[in-house]
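Please look through the sequence and the model shown here before reading on. The paragraphs below are meant to be read with both in view.

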Amino acid sequence: MKVTAHHKLFAMALSLGLIAGCSSTGDTTEDGTYDSDVSAVDQEGGSTVYGGDDGDGVSSSEMTEEQRREAEARAERAEREAMRDITTFYFDFDTAEIKSEAREVLVAHARYLQSNPNQDVRIEGHADERGTKEYNLALGERRANAIERFLIVNGASRSQTETISYGEEKPAVMGSSASDWAQNRRVELVFQ
Amino acid sequence: MRGHERDVISTGQPPWKSPVALSVLMHGLVLGVALAGWSWSVPTEDPQPPSISARLVTQNEPEPSPVTEPTDQPDRDEERRQEEEEERQRQQEEERRQAEEEERAREEARRIQQEKEREQERQRQEEAAEREREQQRKAEEEAARQKAEAEAKERERQKAEEEKRRQEEAARKAEEERRRAEEQRRKEEAERKAREEEERLEAERKRKERERRLKEQQLEAMAEEAQQQRAAEERQRREAAAAKAREAQMLSESQKYQALIRERLSQAWYPPSSATEEMTARLQITLLPTGELASVNLVSSSGNTAFDNSALGAVKSLSRYPIPDDRDTFERYFRQFTIEFNPRRLR
Amino acid sequence: MMGPQMTNRTSTGKGLSVVAWLLAIAVMIGSSPASTELLIRITEGADSAIPVAVVPFSESGQMPSGDKISSIVQDDLTMTGEFRPLPAEKMLSLPSSGDDVYFRDWRLLGQRYVLVGQLTRRGDKIEARYELFDVNREERVMGATASSSVNSSRSLAHHISDRVYEAITGVPGAFSTKLAYVTLQRSGGEPLYRLQVSDVDGKRARVRLESDEPILSPAWSPDSRKLAYVSFETGKPAIYIHELSSGNRTRIADFPGLNSAPAWSDDGRSLLLTLSKDGNAEIYKLDIESRSLKRLTNHWSIDTEPTWDHTGEGFFFTSDRSGGPQIYHKSSENAEPRRITFGSRYNARPRPDNDGRYVYYVHQRDSSFHIARTNLQTEEETVLTRTGSDESPSVSPNGRMLIYATKQGGNSVLTVIAADGGAAYSLPASEGDVRDPAWSPIVQ
């Protein structure tokens, strides 16, 4: 299944638009970071859609030190808040490896859970439609488990987390293009 | 055998009625009549009747003829028999001659006797006449008479002597004859033996010659035979080479049609689902010269009925088999052949 | 010629049979035709399917509406990929009994077999008298009668198909078996899952379970009376046993984490299944009666999709212990696993046939997913499908057909192929996806 460059661009645009719609910050993403990460076979679709830093052009040297510090703290909080809006994490085909750009977001979620012990999270693992249903159930579970471990390592409590795998049963998007598959290979955090 | 038969036959008859007795009687009568005519003049000369009678009887016997039949016995036997025969004849001759000699002597004696008797008669008659006329001269004549008597006696003695001498001479002559014959016989015997030896040697030589010739002939025959065999082998080689060339041609021709048949049958064969690569069915088929199927015979089953049937169906589905035009090739390869169904590559 | 003679003799006595054998051998040596006679070996058959004429059955009396029995038979035979039925309009005559079958005509049409029959209505029953003829051998292969109630005339048709198939191929037909599968409709926004059971031709489908949560992995019990499957109806996966006649259901496995991939044992007393209650996906054996569990695999990798092999002693499963999913086999519950597949980096969900010759599975080649099989004796792998997003292979109980799910126009559909990869036959698609097919055993 060769995907043409045109197709690829379209898929990227689609996924960016999707993220933009979901994200309240409306921040831009760093296009350059994921293209180098994707493998030729599995991830032409540009599913690396995580929001990056949006500090560009925000800081001002004219502010006072206090103002500046306050602003920074505010910005950091806002940043964390913004990061916590990202609840979907994507995977390469047949892997459960958390991508590097997802780590900061997951750390933010972990910190949030740590500071809110009454908050539970349901970690839902998914796979794309390719491959077999039962194996994909196990693969979705493995992805969910990977995320769960990361959260716990970074401050969340085991009692706050719960995992479930739907395998390929609940795709995020319908369709059988590479970008559809990329969006469906995911773990979703559902805060309850 | 025959005599015996006759004995058997004659058992029921009185002895006098037997032909032998009758014959004896008949001859007796004849002889009696003959003797009656003879007996007065020369009764002493008669041969003794019993021996004659007996000879007649034996002659009357229907003896098997002593004809010498030609036999396959070797020459020497034949020669010996001939010699014996000659010897026998010679002896018979000798006996006959002696008998004649004796007869002659007896005849002479009789003649002398008769002469003497006639002389005595004449003397008696002369004496009577003499006594009448010469009584007177008795005295002087007595001397003459005695002298004549003495002379007569002398002549008589001389005659007897001569006779004796003659007899002795005859005996000597006979003896001489016998000796000569004996000598002759010995000489002939020696000659015969020499001849026999010569013949034996000749036969031996001939035998050896024959054997040699036979051997030569055999050798010649063997040589001839070997020669013929070589020729035959050569011919066979040539024929085989020709046949081989022909065979090769037929083979290549047949291979072409084998491939065609294989292709047609592969297209016509639907191996059933149950077929495995281990299954093999063999069918012997017979074709008509037109290429049409004459008969098909399952000679080796695969053990799977569906498989066997699929093979039979394939073979029977061809309305006409591709076969070579050449009749010899057809007869050699395609009149009857075997088809083996054994899937190597199942779908 | 010799064969029958010999069999005659063997029946008369042992000594005589020995004599007959010696005779036969002597005759064979004496004539020895094998050595001189031409031998032609045929090692390949026709690539095409067997031409067969299913003549429309004559009918007397009122027949049920719907498909004709002979056309159902025709479709059954077509579905196997092994037969190529002659369309009725091309037939020169339409005989309904053997007396009217002229082999020459059928031979001209290139047909190998002719099926003729008569249907008679007797009360609420239909009686079928049918005969199968071999055109080239000019023989009647089979003749029989069968009957069914008017309402189950399709069963009658499938029964005839089974008999015809077995008569020709030597393998029992599987047309009277059932399929279980899952349909998914998303038209109304919310998904709707349905577990259904139908005839092998997809007809007479009946919904057995409906849910707006996923239903997965239906598996037939050996007696064809029950299904085991995975349902998310409680919000998380659990395994249920569903008795079809009564509709009674039992939740047999509801452990934390995964409860998936149930597979029945031959005796119907236990299930193989995949649980992740101990950390990751492992294979367990669950005794249905006692509910006792025995763990059969222990590895940090994913072990799933178990299925018993034909011996009932060992089992196949999928594991990614080598890095990607591959098929493994354990010859007994405690044996070391042996890897079966090496052909590509993705081979999963093994399904062995019933005689241990092949194992079928999903096989990735390049970026496509096909159904492939490996010959367990030769270890030769063959890709069977040309479609590209193939899933869920299930072998027919006679080992001759394979059903699997593939994509068609964005939807999942079921396709039947010959188990050796012959012609495909798509089952009529309902709305939405049709997936997870499972072929029932043959039940006598």
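What follows is a walk through parts of this predicted model, one chain or element at a time.

Staying within chain A, one may turn to helix H4, which takes in residues 100–115. This helix has 16 residues and reaches 24 Å from its first C-alpha to its last, which is close to the 22 Å expected at 1.5 Å a residue. Which residues of H4(A) are buried? They are A:Ala102, A:Val105, A:Leu106, A:His109 and A:Leu113, and because they cover an arc of only 100° around the axis, they lie on the same side of H4(A). The cover over these buried residues includes helix H3 (65–84), strand S1 (88–90), strand S2 (121–126), H5 and strand S4 (186–191) of chain A. The face of H4(A) turned away from its buried side, by contrast, carries the exposed residues A:Ser100 and A:Ser115.

The loop between S1 and H4 of chain A holds A:Asp94, a residue that has a positive phi of about 55° although it is not a glycine. Most residues other than glycine have a negative phi. A:Asp94 counts as buried because it has 22 C-beta neighbours inside 10 Å, where 20 or more are required.

Of the 347 residues of chain B, 12% count as buried. Among the contacts in chain B between residues at least 6 apart in sequence, 73% join residues at least 24 apart.

The next topic is the nonpolar cores. The largest nonpolar core has 73 residues, of which C:Ala228, C:Tyr229, C:Leu273 and C:Leu402 touch the most other members. For C:Leu273, once its neighbours within four places in sequence are left aside, the residues in contact with it are C:Ile239, C:Ala253, C:Asn259, C:Ser260, C:Ala261, C:Pro262, C:Tyr284 and C:Leu286. There is also a second, separate core of 58 residues, which includes B:Trp269, C:Val55, C:Val116 and C:Ala128.

Chain C also contains an open sheet of four strands, in the order S19-S20-S21-S22, whose pairing is antiparallel. Its edge strands are S19 and strand S22 (338–339) of chain C, each of which pairs on one side only. Four bridges join S19(C) to S20(C) in the antiparallel sense, and here C:Thr307 stands opposite C:Phe316 in S20(C). Strand S20 (residues 315–319) and strand S21 (residues 326–330) of chain C are likewise antiparallel and pair over five bridges, with C:Phe315 standing opposite C:Lys330 in S21(C).

How many of the five residues of S20(C) are buried? Five of the five are, so this strand is largely enclosed by the rest of the structure.

The hairpin of S19(C) and S20(C) has six residues between the strands, and in it C:Gly312 takes a positive phi near 80°. The hairpin of S20(C) and S21(C) has six residues between the strands, and in it C:Gly323 takes a positive phi near 120°. Within strand S19 (residues 303–308) of chain C lies C:Glu305, whose phi is near 55°, a positive value in a residue other than glycine. C:Glu305 is buried, because 31 other C-beta atoms lie within 10 Å.

Definitions and conventions:
Residues numbered from 1 in each chain as written. Chains lettered and ligands numbered in written order. Predicted model: local features only at pLDDT ≥ 70, side-chain atom pairs only at ≥ 80, totals over all residues. Helix = DSSP H or I, 4+ residues; strand = E, 2+ residues; numbered from the N terminus. Expected span 1.5 Å × (residues − 1). Arc of directions from axis to C-beta. Contact = placed C-beta atoms within 7 Å. Core = buried A, V, L, I, M, F, W, Y, C linked by C-beta atoms within 7 Å. Pairing = 2+ DSSP bridges.
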